[in-house]
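These are my notes from going through one model.

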Amino acid sequence: MTDPIRDIHLGAPAECLRPCILGAALQEGGLRDPRTLPSPEKYPSHSAAPLEILLLGQEEAGLAEALARQAVSAGHQATVVIPRERPLPQGVSCLVADREQEDFSRLLHPHLRREDHTPRFSLTVDCSGREKRHARQDLEEVVLPGTHLAFLSRDLVYDPESRDFPTCQERTAYCPEDTPLWGPLHQAELHFLQSPPFPDGPHWTILRLTLLLDGPRCLDDFPPAQERWQRLKEGKPISLLSGGHWLVQPLAVADLARILFALPQAHAAWEAILDCAGPRRMEFRQLCQLAARLLGQEARIQEEPRQGTPPLPQEYAPYLCHRIYPLPWPYPGIPAPLLSPQEILKELL
């Protein structure tokens, strides 16, 4: 089957501008041609020295487990911190500790250092941080000097009323503080930016993830929330606001993992925020159509009417705009995402 999904190039002048990265400047030199997809650069599957990686997981199985699986396959060691025991990918270690409970530090601290008192983990990935108190917890209780911290945020912190297309950080405002979910998440980002640097670290990087294709539920959050993957699999219709005519740039877990594994050695990414998006642009409805074809079905898309219906929750607004970022990948020295939506969805199947 050929891939009918086309890469959409807008050709806007903003595509030729260098993105502003809060923190360290990652790009030097002249302009880049945005009409060229990232070349298939060859990066090693793992660094010269395998990493020991700590991942702070969520209440339900999800991204932390998926990244741990990628880490083990790349030759690294992975430990997932989760609130209660559950099955984990083969080769992944488990530490049961709930970051919302008072005994979290007591349970975690004995595992952070080796017998010679050096830090055990070279990379910590916070997959469950959602508020300022989580960012404070990361810096004060979780990471040690010598450990690099990656805080996984979302591009939904951007105010949809001020986005550029493609989005560049220096010209885009953020959701108001009282916006459910995304206001508190941006406050967590600000805690890192406003905290005084430590002379010997730990160093951190914030990754703002766009639409992440990390499992069958990846299509469900787009408003109105619906079990779209399951409905597509059964040949049932799905509802999309405005017919799903919003541009997205889907990102693969495998590409995110390669970015994460490069951060401890990528000094330019320390104390910086990176917008992480995949290498191809498409409408959300096209993504659903592609998923349906791979499931052996034809997508039946119904446009969700808005007239006469209750107003959408405030936190839905950031989904309902184009979520696209400069191409090619603007961060030299950090592996560029390479996997297309078709490749990612085939892997999910």
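**Overall figures**

I started with the contacts: of those in the protein with a separation of 6 or more, 78% join residues 24 or more positions apart. Contact here means heavy atoms within 4.5 Å. I note that this is a predicted model, in which local features need pLDDT of at least 70 and side-chain atom pairs count only at pLDDT 80 or more, while totals for chains, interfaces and linings use all residues. Residues are numbered from 1 along each chain as its sequence is written, and side-chain values use heavy atoms, with hydrogens and water left out.

I looked up the confidence next. The mean pLDDT (the predictor's confidence in each residue, from 0 to 100) is 86 for the protein, and 85% of its residues reach 70 or more. Over residues 1–47 pLDDT stays under 50, and the model has 110 contacts beyond four places in sequence for this stretch. Where pLDDT is low, the predicted coordinates should not be read in detail.

I found eight helices and 13 strands in the protein. Helices (H or I, at least four residues) and strands (E, at least two) are DSSP runs, numbered from the N terminus. The protein has 349 residues, of which 53% count as buried. Buried means under 20% relative accessible area, exposed means over 50%, and partly exposed lies in between (1.4 Å probe, protein chains only).

**Helices α1 and α6**

How do the axes of α1 and α6 cross? I have the axes of α1 (residues 63–73) and α6 (residues 253–262) coming within 10 Å and crossing at roughly 70°. That makes α1 roughly perpendicular to α6. Axes are lines fitted to C-alpha atoms, for helices over the stretch in contact, and angles run from 0 to 180 degrees between N-to-C directions. Angles under 35 degrees count as roughly parallel, over 145 as roughly antiparallel, 65 to 115 as roughly perpendicular and the rest as oblique.

The crossing of α1 past α6 is right-handed. A crossing is right-handed if the near helix is turned clockwise from the far one by less than a right angle, and left-handed if anticlockwise.

I listed the residues that meet: L63, A66, L67, Q70 and A71 from α1, against V253, A254, L256, A257, L260 and F261 from α6. By class, this contact has ten nonpolar, one polar and no charged residues. Ala, Val, Leu, Ile, Met, Phe, Trp, Tyr, Cys and Pro count as nonpolar, Asp, Glu, Lys and Arg as charged, and the others, Gly among them, as polar.

I then checked burial. Eight of the ten residues of α6 are buried, so α6 is largely enclosed by the rest of the structure. The buried residues of α6 include D255 and I259. In α1 I noted L63, A64, E65, A66, L67, A68 and A71 as buried. Just after α1, G75 takes a positive phi of about 95°.

**Helices α3 and α4**

For α3 (residues 132–142) and α4 (residues 182–194), I have the axes within 7 Å and a crossing of roughly 30°. The two helices are therefore roughly parallel to each other. The crossing of α3 past α4 is right-handed. K132, A135, R136, D138 and L139 in α3 meet P184, Q187, A188, H191 and F192 in α4. This contact has five nonpolar, two polar and three charged residues.

**Loops and backbone**

Most residues other than glycine have a negative phi, and most peptide bonds are trans. I looked for exceptions.

L181 is not a glycine, yet has a positive phi of about 70°; L181 lies in the loop between β5 (148–154) and α4. E271 has a phi near 55° and sits in the loop between α6 and β11 (272–276). I noted E271 as partly exposed, at 23% relative accessible area.

The peptide bond from P223 to P224 is cis, with omega near -5°, and P224 is in the loop between β7 (212–213) and α5 (228–233). L327 and P328 are also joined by a cis peptide bond, with omega about -5°. P328 is in the loop between β13 (301–304) and α8 (341–348).

Last, I looked up G91, in the loop between β2 (77–82) and β3 (93–96). Is G91 buried or exposed? G91 counts as exposed, at 59% relative accessibility. Beyond its neighbours within four places in sequence, G91 contacts V72 and A78.
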